[in-house]
Amino acid sequence: MPEKTAHAQPRRDGLRADARRSIERIVSAAVELTAAQGPEVTLEEIAKAARVAPATLYRHFPSRMHLFEYIYRGRTEELADRAATLLSTLGPLDALIQWLREFIDLGIESDIVLSSLLGQGLRESDPDANQRWGYDKLATAVEDLLGAAQRAKDVGPDIK
């Protein structure tokens, strides 16, 4: 029996490397096109920009809502992870302020996209998804940042 090549090996997330690359190109194209054209960009335009067949895009993201939920779930987790980086490179108060700015920016951006999608009649693909969007990681990140600022006496203990 021939050995499987590295290209055909599934990853721990169950996806082959080529499928993971397709998803990365789709997400990159969606972010770029949405920034340029707004959330009205079609999945077909995204597939073309990502250089994947529409069927490939639809296999991973059956609707624009699925795609944007995936993007913002990832961005939420990245923001939560960013707290540790900020704490290691900035003072506690500056780290907290910078993180809060980025949190607000992400909230505004995601609200604009979500409002547009909901206005077009799309609904969340999973109403319980918010519980799995990494909000617990966001809460932990803010607790870490706030705790560091309080220990440095940059923020009063009454702030919670």
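# A walk through an all-helix chain

The protein chain has six helices and zero strands, with helices (H or I, at least four residues) and strands (E, at least two) taken as DSSP runs numbered from the N terminus. Read from that end, the order is simply α-α-α-α-α-α. Bear in mind that this is a predicted model, where local features need pLDDT of at least 70 and side-chain atom pairs count only at pLDDT 80 or more, while totals for chains, interfaces and linings use all residues. Residues are numbered from 1 along each chain as its sequence is written, and side-chain values use heavy atoms, leaving out hydrogens and water.

Let's start with the overall picture. Of the 160 residues in the protein chain, 33% are buried; buried means under 20% relative accessible area, exposed over 50%, and partly exposed in between (1.4 Å probe, protein chains only). Take the contacts in the protein chain (heavy atoms within 4.5 Å) with a separation of 6 or more: residues 24 or more positions apart account for 62% of them.

Now step into helix α4 (residues 64-89), where F68 sits. F68 is buried, at a relative accessible area of 4%. Its C-alpha lies 9.0 Å from that of V31, although 37 residues separate F68 and V31 in sequence.

V31 turns up again in the lining of the second largest pocket, along with others including R20, Y70 and G74. A pocket here is an open set of points on a 1 Å grid over the protein atoms alone, where a 1.4 Å probe fits, with protein on both sides within 12 Å along at least five of seven lines; lining residues have an atom within 4 Å of a point. This pocket holds about 180 Å³ of space, the volume being what is filled by probe spheres set on the points, which are joined across faces, edges and corners. Both α1 (17-37) and α4 supply at least two lining residues, and the largest share, six residues, comes from α4.

The structure holds four of them, each a side-chain nitrogen of Lys or Arg within 4 Å of a carboxyl oxygen of Asp or Glu. One joins D81 and K137 at 3.1 Å, N to O. That pair links distant parts of the chain, with D81 in helix α4 and K137 in helix α6, 56 residues apart. Another joins R82 and E102 at 2.7 Å, N to O. R82 lies in helix α4 and E102 in helix α5, so this pair ties together parts 20 residues apart in sequence. R82 is partly exposed at 31%, whereas E102 counts as buried at 19% relative accessibility.

Most residues other than glycine have a negative phi. R51, however, has a positive phi of about 60° without being a glycine; it lies in the loop between α2 (43-50) and α3 (54-60) and is exposed, at 65% relative accessible area. K153 also has a positive phi, near 65°. K153 belongs to the segment after α6 (135-151) and is exposed, with a relative accessible area of 73%.
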